[in-house]
Amino acid sequence: MKRSMGRPGAGHSGAGRPGAGRPGAAERARTLAYGVADGVLAVPGVPYAPVTAHATDENGRPLLLIPANSPVAVALQGEPDLPATLRISDVAPVALPDRVRGRAWLHGWLTEIPAEGRRDAALILSRLHPRPELLDLAGNKEWTVLALEIAEVEIDDPWGTATLEPEEYEAAAPDPFVAIEAGILEHLDEAHRPELAALVGDRVGTGGPTPGPGGQTPVIRPLALDSYGMWLRCTYVARPDTGEPFDLRVVFPEPVRDLHTLRCVYRRMLAPQAS
């Protein structure tokens with residue numbers, strides 16, 4: 001278990017490689033780009049365009065569902081491509097102050113998916129975003145799908161900042177729990193706060209030898225989950241002026257890659273704390 005150097009979202013130098021309880025920069029970028037986090041398109045000379053829905057194909061290429069009359073789609077008409085940046089902000093699903101856990105900037109060239117390719121694009125998008133617009137996208141004149149061909153990726157998260165070449169980004173895979181992380185964290189927050197507090201009690205003064213500021217007991221809430229471990233937010237609620245919220249990293253004994261193994265790890269970690 002390691003104390004973080006700051007709250008997620010505040011950039012730190014050093015990208016880091018996989019291992020020691022942390023995913024590598026390319027895996028983190030693929031996770032941010034997966035399609036769960038919110039995205040905004042930035043195109044030179046065009047107003048910012050919030051993306052209605054986005055997801056990545058197997059190579060990490062973003063597919064973006066956009067109204068056909070949006071300024072970005074209009075600017076692309078008659079052009080083979082446009083330089084663009086997809087700005088992604090990863091926000092914790094649990095309601096907390098300072099919820100931004102990381103940011104990514106995917107720079108590249110924007111193109112429109114041709115009509116014959118929209119059905120496949122709609123299938124990829126609908127796995128994460130089952131929207132009615134995707135049911136007949138090939139014949140829907142009100143919506144279109146754009147693709148971003150990646151030229152460079154930047155990431156800023158609790159482990160640091162990094163700039164990635166497209167080959168590094170494409171070769172990585174997103175975290176296996178990215179699509180279900182929100183539900184897991186919400187369950188832990190609703191049903192297992194006492195176990196989480198006991199798990200880190202010796203570090204933050206919830207019953208262990210190290211007291212909190214002014215003898216307070218902090219509230220422990222889940223902030224993020226990946227296959228290597230999880231982040232916990234520790235907040236001294238009674239007198240917040242005596243101590244800033246801070247985050248702890250709980251590292252799993254070994255990386256987990258499926259839900260069954262994750263459940264086993266949670267049982268071993270949390271069950272002793274409940275007794």
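Guide: A salt bridge is a side-chain nitrogen of Lys or Arg within 4 Å of a carboxyl oxygen of Asp or Glu. What you see here is a predicted model, where local features need pLDDT of at least 70, side-chain atom pairs count only at pLDDT 80 or more, and totals for chains, interfaces and linings use all residues. Residues are numbered from 1 along each chain as its sequence is written, and side-chain values use heavy atoms, with hydrogens and water left out.

Visitor: What makes Arg-61 and Glu-149 a salt bridge?

Guide: Their closest N and O atoms are 3.2 Å apart. The cut-off is within 4 Å, so the pair counts. The two sit 88 residues apart, with Arg-61 in the loop between β4 (53-56) and β5 (62-67) and Glu-149 in strand β8 (residues 143-157). Strands here are DSSP runs of E, at least two residues, numbered from the N terminus.

Visitor: Why is Asp-57 called buried?

Guide: Buried means under 20% relative accessible area, exposed over 50%, and partly exposed in between (1.4 Å probe, protein chains only). Asp-57 has 13%, so it is buried.

Visitor: And why does Arg-61 count as partly exposed?

Guide: Its relative accessibility is 26%, so Arg-61 lands in the in-between range.

Visitor: How do you know that Asp-57 belongs to a network?

Guide: Asp-57 pairs with Arg-61, their closest N and O atoms being 3.1 Å apart. Arg-61 also bridges to Glu-149, and the three residues are linked in a network of salt bridges.

Visitor: How many salt bridges turn up in the whole structure?

Guide: A search finds twelve, including Glu-112 with Arg-118, at 3.0 Å between the closest N and O atoms.

Technical notes: Helices (H or I, at least four residues) and strands (E, at least two) are DSSP runs, numbered from the N terminus.
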